[in-house]
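Open the model in your viewer and keep the selection tool to hand. The stops below say what to pick and what is there.

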2 protein chains.
Amino acid sequence: MEDAIENSATTERLCSKNVKALFDTVEAFLFDCDGVIWKGDKLIDGVPQTLEMLRSKGKKLIFVTNNSTKSRKKYAKKFQMLGVTVSEEEIFCSSFAAAMYLKSINFPQEKKVYVIGEEGILEELEVAGYTGLGGPDDGDKRVQLKPNFMFNHDKSVGAVVVGLDQYINYYKLQYATLCIRENPGCLFIATNRDAVGHMTDLQEWPGAGCMVAAVCGSTQKEPVVVGKPSTFLMDFLLERFCIDTSKMCMVGDRLDTDILFGNNAGCKTLLVLSGVTNLSALQDPSNKIYPDYYTGKVSDILKFLGS
Amino acid sequence: MEDAIENSATTERLCSKNVKALFDTVEAFLFDCDGVIWKGDKLIDGVPQTLEMLRSKGKKLIFVTNNSTKSRKKYAKKFQMLGVTVSEEEIFCSSFAAAMYLKSINFPQEKKVYVIGEEGILEELEVAGYTGLGGPDDGDKRVQLKPNFMFNHDKSVGAVVVGLDQYINYYKLQYATLCIRENPGCLFIATNRDAVGHMTDLQEWPGAGCMVAAVCGSTQKEPVVVGKPSTFLMDFLLERFCIDTSKMCMVGDRLDTDILFGNNAGCKTLLVLSGVTNLSALQDPSNKIYPDYYTGKVSDILKFLGS
């Protein structure tokens, strides 16, 4: 009973005995990327072989990442660079989700979008036909707090999108704050609220949750979240793929985003311990989010099916 | 009844009829600075004459500001530059409060303190005998998120102090986050949580509440707050001045810091409308914080006493 999860009779450790039942009932595997497929720019062992096997067995693969720093196009290139063939249409990143959210609410094309975040958000906004401001362009801007200095912002900004931004600065924070506080009806959209993430292979770094919280702190408003665990992305996926959620399996390394997202949608869920969550965090009495299965890493699916 | 405050039978508009009662029962006037004494680097009309009159009548003056960017010494210089004589001993800024908090808990001198904030915090730490890191020194530092890059932090940091920092960046956020998440027992101290403040005379800017929220977002921890409305500062004031709080009047422009601080401590409270709060915010049904009195600006005390 060493692997039993307290308070959760239903969480099973993935093994050669139960993997077949999961495999047979699932038509689409949804994978988180950071900590599941790769860490930083390094693939996790056995990922290409596992994805290849799943494809060969007719499983649909979908990659769902909260990381907003890249567009779908750039993610497809990253996969390619790492030797894995994945098409743009299989990728759902939170930068894309932000643009799709604006589309879904018929956000007017003549309104602008201010971005705290990186290239990915601006690229997806452009693909969707919107005009983005800020982001990398404002990374080097400084302000001077001196008498008679007036910080001006664009009054036609109708939405602020906040995601992970390694070039966060006071200029951007003031810009976003003024838009949300002063432009009537201005939306506040968060790509996601991950506290930290494996931005490099060796350690975790503040995630979008850090930048989003900063803007919550200055505006005293709460954002609409479009990434995991919000259901916006799942509703979008369902519309596109027409697969019942009970035939999907969400594979991720985070309880509060991936597993919660999968559980909320009625998917099967598989926690992998190759990212930010270790076994003791899963078993901690304070944890209230349980996957259906957990295992060390994605390639265990291949290993257990083969054994 | 145009000035009646809904839901609060006890809030009175200051006038020539009630000013004497307030004046006679109060021995010490506690003033917030931004939005009360000055806006940015400009004195608010009539402040010097009012302070002079209060001193001449034997009233004790205390200046209590949540702005942590300066030390007491620098605030005394600012007052002097603006033509008002105020001594260091009359100033209680949140940078000083942070250092005094560490003293009050016997924080070990051999441990270091990482600072997201400006010179004021580092200067007060130094005066108190502590070694501060970060702050302005880390204002130009950048990180590169690339494979094999390891961000190292000082394992002897035992406390992180977060205040207003116009040079906030990802380097500082990662440094503070690593200290709080990885250094055993590391304290997380906020100078204050003001959402915005009049950093310049013409407009508001994100306040310490923005930087503090960012660190809450990445660490998922809550800080100890030492500035208003926390009672730490009031306990400290009481010990130093031995004046009963019922004989103090807190004069401020913010309901959620100044007035709440005064009310919690049992002081009389006077809201001035020369800063971030206007009459409609005070009268808004969502507001639950009421001062004993409100008026346009500090010099109304002088005007009403004279009339």
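An angle under 35 degrees counts as roughly parallel, over 145 as roughly antiparallel, 65 to 115 as roughly perpendicular, and the rest as oblique. This is a predicted model, in which local features need pLDDT of at least 70 and side-chain atom pairs count only at pLDDT 80 or more, while totals for chains, interfaces and linings use all residues. Residues are numbered from 1 along each chain as its sequence is written, chains are lettered from A and ligands numbered from 1 in the order in which they are written, and side-chain values use heavy atoms, with hydrogens and water left out.

**Stop 1: chain B, residues 170-182 and 208-219**

Select helix α6 (residues 170-182) and helix α7 (residues 208-219) of chain B, whose axes are 10 Å apart at an angle of about 50°. Helices here are DSSP runs of H or I, at least four residues long, numbered from the N terminus. Axes are lines fitted to C-alpha atoms over the stretch in contact, and angles run from 0 to 180 degrees between N-to-C directions. α6(B) and α7(B) are therefore oblique to each other.

Now show side chains. From α6(B), B:Leu173, B:Thr177, B:Ile180 and B:Arg181 meet B:Ala214, B:Val215, B:Ser218 and B:Thr219 of α7(B), contact being heavy atoms within 4.5 Å. The residues of this contact are four nonpolar, three polar and one charged.

**Stop 2: the helices α6 and α7 of chain A**

Move to chain A and select α6(A), residues 170-182, with α7(A); their axes come within 10 Å and cross at roughly 50°. A:Leu173, A:Thr177, A:Ile180 and A:Arg181 in α6(A) are in contact with A:Ala214, A:Val215, A:Ser218 and A:Thr219 in α7(A).

**Stop 3: α7(A) by itself**

Keep residues 208-219 of chain A. Is α7(A) mostly covered or mostly open? It is mostly covered, with twelve of its twelve residues buried (under 20% relative accessible area; exposed is over 50%, partly exposed in between, with a 1.4 Å probe and protein chains only). Among them are A:Cys210, A:Met211 and A:Cys216. Step just past the helix to A:Gln220, which takes a positive phi of about 55°.

**Stop 4: A:Met81**

Finally, pick A:Met81 in helix α3 (residues 72-81) of chain A. A:Met81 is exposed, with a relative accessible area of 61%.

How values were computed: Helix = DSSP H or I, 4+ residues; strand = E, 2+ residues; numbered from the N terminus. Nonpolar A, V, L, I, M, F, W, Y, C, P; charged D, E, K, R; others polar.
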